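Have the picture open as you read.

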Amino acid sequence: MMKKPFFGLSKPRVIYPPSQGAFPIPKSIPTPGRVTLLIDGALSFVDKDVLKKGDAVKTGQKVLLSKESGGYAISSVTGTVSDISVFEGDFGKIYVAVSIDSAKAEQLDDQFTAVAAEPSLQTALDFLQTAPGKPPLSMLSNLEKTIETLVIYAEDKDLLITTNRYIATSRFSSLTKGIDMLKKISGIDDIIVVTPRDRIQSYGEIGAKVRAVDTAYPAANPQNIMNQVLGKAVPVGKAPEDLGVVFFSAESVAALGDAFETGRVPVNKIITVIHKDGSQTLVEARIGTPIRNVLAACGETLSDMDRLIVGGPMTGNAIYSEEHPVQPDTDAVMLQDKADVPFVSDYPCINCGECVRVCPAKMPVNMLVRFLEAGVYQTAADEYDLYSCIECGLCSYVCVAKIPIFQYIRLAKFALSQVQTAEEQND
Ligand code: SF4
Ligand code: SF4
C-alpha cells in the first residue's frame, strides 16, 4: 500500500555527470595467471565425467558443470582447470567457482564459430548468456511471459560509472550490429535505446527508436524508464518483464553484435575503476581476472581499513577480498579511503523527512525504517511499501542520522525471500 508522503515537496537532485567528449581507449589489463569463473549452482551438481581438475580448456570454450544442470561459463583463457570449489556471494548465494591456470599459448575454441553463421535465440542461449554485460536472454525464451519490447539503456545504473556510456558512444558500430542481431534472434522489432537527454543528439541511424530520460539519478533505473519512457508503472511485486519489457545493457548488446559478427564469444569486460579521489579509469580485463590485478595495473593499493566496493557509490557492495574475480556484470570497482568511508550509526531517526523527499518511489521511508530496524519485515512489506523500493540508495545517501536504510531494505527483502522459499518447500 502506498502512503502519501507528508513532507514538503522540494527534494535534492543528484545529477549524472555531463558528457565530456570522447573517452580514451580503455587500459588493457594483462591476462592473469589464473582466472576464476563463477557458475550458478551447487557443488553437488558437478559431474566429474564432465568437469574435473586437470581438464584442458581453450579460450571461448563452454565450461559445463554437468550435462543436467544447464549452468555454464565461457572460459576467458586457454589453460588447465586447477580448482573447483564453492563460492558464497552476497546474501548467501552459492556459486561453483572454477579456477583456470592460464597457459602462455592461446588457442581459440571453435564450437561457437561453427554455429554463429546461422544466428538463433537457441545459439545465443547456448553460448552468450555469460557474455560481457550478461544479456538477459533467458527472459526471451520464457514461455510464460510474452515479451514485446526490448529496452537498451545507454547509461550506467549508478553514479561515477562510465562503462555503458563508453560502449554507447565509442562502440557504436558493435551496438548497431547487436541491435540487428537482437531483432533477428528474438523476432521483436520494438527496440528502444534510452539515453540521458544531453546525449540524444549523438545518435544517428542505429536501427532502433531513441528516447531521452532525465539526467537526474536514478534515471537509468528500469522502473524509472518504464514510467518516464513507456508510460507503464510496474505494479508492486512485479518486474518489467511481467509487462512485456526486457532491459539490456549497451555492453551486452554490443557483445551479441561482436559475437555473431566474428564467430567468437567475447571474453573481455569493460570496467570503470573509481579511484579514491572519485576520478575514473576505464579498463578492459578478461572475465575472471582477480580484482587485485585490475588495481595493480591502475597503480592502486589498498591500506588497512580502506574499502573495496563492486559497483558504484549508491548501490555497490563492499567486498572483503581483492581476489574477487571480475564477473560478466561487474561494471565498476570502487576504492574508498578509510577517511572517506561513510559513517553509519544506530542513532534513532529524527524524522527530518529527507529520505521521503528524495525517494523516487514516493515511499514512507521514515516509517519503513522503524520496522526494518526492529526486524519486523512482514509489516514493513504489508503496510510500508517495502517492495515498492527500486533500490537506488538515495535514502541512505541523504539520511542525516546516518542510518543504513538501503542495507536494511536489502536485508529485509532477502530475509522475506528466505521465509517464502522455506514455506514453498514445506508445502
Ligand atoms: S533505496 Fe531508498 S530512496 Fe531509493 S527507492 Fe528505495 S526507499 Fe526509496
Ligand atoms: S530515516 Fe534518516 S532521513 Fe529519513 S526521516 Fe529519519 S533521520 Fe531523516
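Strand S16 is mostly covered: five of its five residues are buried, where buried means under 20% relative accessible area with a 1.4 Å probe, protein chains only. Ala332, Met334 and Gln336 point one way from S16, while Val333 and Leu335 point the other way. Strands here are DSSP runs (E, at least two residues), numbered from the N terminus.

This is a predicted model, in which local features need pLDDT of at least 70, side-chain atom pairs count only at pLDDT 80 or more, and totals for chains, interfaces and linings use all residues. Residues are numbered from 1 along each chain as its sequence is written, chains are lettered from A and ligands numbered from 1 in the order in which they are written, and side-chain values use heavy atoms, leaving out hydrogens and water.

What does S16 pair with? Strands pair if DSSP finds at least two bridges between them. S14 (residues 307–310) pairs with S16 (residues 332–336) in the antiparallel sense over four bridges, and isoleucine 309 has methionine 334 as its bridge partner.

Now step back to the open sheet of six strands, with mixed pairing and the order S1-S13-S12-S16-S14-S15. S1 (27–28) and S15 (317–319) stand at the edges with a single partner strand each, so one side of each is left without a neighbour in the sheet.

Finally, look at ligand 1. The residues surrounding ligand 1, with a heavy atom within 4 Å of it, include Cys359, Met363, Glu391 and Phe406.

How values were computed
Buried means under 20% relative accessible area, exposed over 50%, partly exposed in between (1.4 Å probe, protein chains only).
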